[in-house]
Amino acid sequence: MKNVAIIPAGGSGKRMDSRFPKQYLPVGDIPLLVHTLKIFQLSLLIDDILLVVPEEDIHKVGSLIVERYSLSKVSQILAGGNKRQDSVKNGLDVIGDDCDIVLIHDGVRPFISGKLIRLAVQEAAKHGAVAVGVPVKDTVKRVDQDGWILETLNRQMLWLTQTPQAFKRLIIQEAYQRAYQDHFYGTDDASLVERMGHPVRMIPATYENIKITTPEDLLLAELLMKTRKVTVP
Ligand code: C5P
């Protein structure tokens with residue numbers, strides 16, 4: 001049975017304030033998306049990569065990213081959808097029955113490690129559904145629309161959720177099917193599984209596994225990339 005990674009990179013990067021979608025911006029000397037894909041390419045736990053990009057970029061990404069950087073595990077480059085969830089769905093729709101575990105990881109999180117991929121696959125095989133994340137460091141408050149604090153949440157129970165999120169294929173496919181039936185959009189994949197009542201295990205990740213969203217994140221990524229050692233099992 002296979003482990004398949006879906007890498008949604010179909011966003012337009014509106015919050016980056018740049019002419020290019022953020023996934024193609026260079027960090028060090030290679031595009032952000034290539035950093036991310038390389039870790040999956042090197043991981044012994046990953047058999048196939050389904051890469052999802054904006055429809056108009058499919059050919060360009062094929063030659064300038066997949067071929068140029070010898071990313072041979074990328075078996076399909078698919079068109080993205082309106083929202084991230086639609087892009088992931090396009091990946092889930094083409095996965096074969098020979099797939100056991102599906103890992104979903106944002107194309108714009110280049111600091112994923114081989115160790116985290118291994119842990120996510122192993123825990124998903126055991127529990128069926130996992131997300132990775134880190135405990136919050138700051139105090140989190142619920143605030144109303146006029147700026148008044150409604151509540152201070154118990155920090156000990158709060159985690160920031162990242163990707164990868166990993167699932168047994170049948171569980172995530174059912175969660176997506178139900179979400180579309182109910183017109184439900186979540187901000188991550190695990191929330192679709194949670195709403196089915198299926199338990200999702202949280203796995204500790206690292207604070208450096210950031211999502212590159214705004215120009216400050218790109219500066220931080222440049223710094224982190226300089227001190228990074230890539231070891232992929
Ligand atoms: O939107 P956000 O910045 O949270 O994006 C997380 C990931 O989802 C990015 O890699 C982005 O390219 C991808 N995405 C997508 N399709 C969309 C919107 C975002 O694949 N329509």
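**View 1. K211 and the ligand.** A side-chain polar atom of K211 sits 2.6 Å from an oxygen atom of the ligand. A polar contact here is a pair of N or O atoms within 3.5 Å; within protein, one must be able to donate a hydrogen and the other to accept it, and residues adjacent in sequence count only if both atoms are side-chain atoms. The protein covers 87% of the 460 Å² of accessible area that the ligand has on its own. Accessible areas come from the Shrake-Rupley method with a 1.4 Å probe, and for residues only the protein chains shown count as cover. This is a predicted model, in which local features need pLDDT of at least 70 and side-chain atom pairs count only at pLDDT 80 or more, while totals for chains, interfaces and linings use all residues. Residues are numbered from 1 along each chain as its sequence is written, and side-chain values use heavy atoms, with hydrogens and water left out.

View 2. A polar backbone atom of G107 is 3.2 Å from an oxygen atom of the ligand. For A9, a polar backbone atom is 3.4 Å from a ligand oxygen.

**View 3. The largest pocket.** Its volume is about 880 Å³. Its lining has 37 residues, and G11, R15, K22, R84 and K211 are the closest to the centre. On a 1 Å grid over the protein atoms alone, a pocket is an open set of points with protein on both sides within 12 Å along at least five of seven lines; the probe is 1.4 Å, and lining residues have an atom within 4 Å of a point. Grid points are joined across faces, edges and corners, and the volume is the space filled by probe spheres set on the points.

**View 4. Make-up of the pocket lining.** Strand β10 gives the largest share of the lining of the largest pocket, 4 residues. Helix α3 (84–92) and β10 each supply at least two. Helices (H or I, at least four residues) and strands (E, at least two) are DSSP runs, numbered from the N terminus. By class, the lining holds 18 polar, 12 charged and 7 nonpolar residues. Ala, Val, Leu, Ile, Met, Phe, Trp, Tyr, Cys and Pro count as nonpolar; Asp, Glu, Lys and Arg count as charged; the others, Gly among them, count as polar.

View 5. The bond between T163 and P164 is cis, with omega about 15°. P164 belongs to strand β10 (residues 159–168). Most residues other than glycine have a negative phi, and most peptide bonds are trans.

**View 6. Two loop residues with positive phi.** S70 has phi near 50° and is not a glycine. This residue lies in the loop between α2 (58–67) and β5 (74–79). S70 is exposed, at 52% relative accessible area. Exposed means over 50%, buried under 20%, and partly exposed in between (1.4 Å probe, protein chains only). H183, also not a glycine, has a positive phi of about 55°. H183 sits in the loop between α5 (169–181) and α6 (190–194). Its relative accessibility is 70%, so H183 counts as exposed.

View 7. In α1 (residues 32–42), 9 of the 11 residues are buried. Among them are L33, L37, I39 and F40. K38, also in α1, is partly exposed at 36% relative accessible area. L45 lies in the loop between α1 and β4 (48–53). With 16% relative accessibility, L45 counts as buried. L45 and R118 are 73 residues apart in sequence, yet their C-alpha atoms are 6.5 Å apart.

View 8. M1 is placed in the segment before β1 (2–8). M1 is exposed, with 73% relative accessible area. Its C-alpha atom is 8.8 Å from that of D97, 96 residues away along the chain. P54 is in the loop between β4 and α2. P54 counts as buried, at 10% relative accessibility. The C-alpha atoms of P54 and P8 are separated by 9.6 Å, at 46 residues apart along the chain.
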